[in-house]
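Please keep the sequence and the structure in view while reading.

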Amino acid sequence: MSLKTRDLLTRSWQSQANLSLFLLLLILVAFLLPSLGFEKNSLHFYDDAAASVVAVVGTAIAWRNRKLFLLTSVAVIVAIAFRWGTWWRPTQTVRLWSESTGLVAIIMITVVVLWQVFRSGPVTGMRVQGAIAAYLLLAIGWAHAYHIAELVDPNAFNAAGTDVSVAIHWMNYSFGMLTTLGCAGIVPTDTVAHTLCSAEAVTGQLYLAVLVARLVSMHISAKEQSKQERSAGRQSNQSLD
């Protein structure tokens, strides 16, 4: 790869384009690839590989903020180590540590994405896409929380016919709770589980109403202001002529 090409790729990644690419990656691993049956023969491996790729790419977004990048890298490295460690020691304790460190890593990556979204500068369409990526990360984080609750108390959810040891099932359930649509197959049965579900439903609605709607409004306002400035500039040039 030539130096010019490498420099172009670096500048593109460090710009707001990384938010669009990260959103595309989340859609790919959470919706598109599962719908095509990529995980059917090796679901556990798909879960771990997809989570690892998302974690690494999400961490890379913080490259310009070295302190945030370092903190996120530590959290992600520990989470990936425990996640793949369950292949060698699939004990209850190791799985609990895997989900707990995974939750911390997702929280850190969400912070990274929101840091990029709210950096100084105009509100662009890429920033709106970054806010949507953070919304999807909320669902992934809550999926870890549900799995942790189930590992601590196997009776927290009634999941007859659903393999609750697989992360993607909890993620599907979490998306249902975040959008308040619900998800068949897993039902909360104790106070902690019900509280988690209610909290996620409220979080999802508040996030869309307050954050994403505000960013979209600011983006539209910025475009209108830009049009008015260009129109005023053309009128000024015509008057000078």
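**Briefing on the predicted model**

T72 is found in helix α4, which covers residues 66-85, helices (H or I, at least four residues) being DSSP runs numbered from the N terminus. The model is predicted, so local features need pLDDT of at least 70 and side-chain atom pairs count only at pLDDT 80 or more, while totals for chains, interfaces and linings use all residues. Residues are numbered from 1 along each chain as its sequence is written, and side-chain values use heavy atoms, with hydrogens and water left out.

**Residue T72**
- With a relative accessible area of 0%, T72 is buried, a term that means under 20% relative accessible area with a 1.4 Å probe and protein chains only.
- Leaving aside neighbours within four places in sequence, T72 is in contact with T59, M108, I109 and V112, where contact means heavy atoms within 4.5 Å.

**Helices α2 and α3**
- Helix α2 (residues 17-35) packs with α3 at an angle of about 170°, and their axes lie 10 Å apart; axes are lines fitted to C-alpha atoms over the stretch in contact, and angles run from 0 to 180 degrees between N-to-C directions.
- That angle makes α2 roughly antiparallel to α3, the term for angles over 145 degrees.
- On the α2 side the contact is made by F22, L25, L26, L28, V29, L33 and P34, and on the α3 side by Y46, A50, V53, V54, V57 and G58.
- By class, this contact of α2 with α3 has twelve nonpolar residues, one polar and no charged, with Ala, Val, Leu, Ile, Met, Phe, Trp, Tyr, Cys and Pro counted as nonpolar, Asp, Glu, Lys and Arg as charged, and the others, Gly among them, as polar.

**The cavity**
- The structure holds one cavity of 30 Å³ or more, a cavity being a set of points on a 1 Å grid over the protein atoms alone where a 1.4 Å probe fits but cannot get out.
- The largest cavity has about 380 Å³ of space, a volume being the space filled by probe spheres set on the points.
- Of the 27 residues that line the largest cavity, D47, A51, R83, I140 and H144 are the closest to its centre, lining residues having an atom within 4 Å of a point.
- The lining of the largest cavity divides into 20 nonpolar, four polar and three charged residues.

**The largest pocket**
- About 260 Å³ of space lies in the largest pocket, a pocket being an open set with protein on both sides within 12 Å along at least five of seven lines.
- The elements that give two or more residues to the lining of the largest pocket are α3 (43-60) and α5 (92-117).

Note on methods. Buried means under 20% relative accessible area, exposed over 50%, partly exposed in between (1.4 Å probe, protein chains only). Angles under 35 degrees count as roughly parallel, over 145 as roughly antiparallel, 65 to 115 as roughly perpendicular and the rest as oblique.
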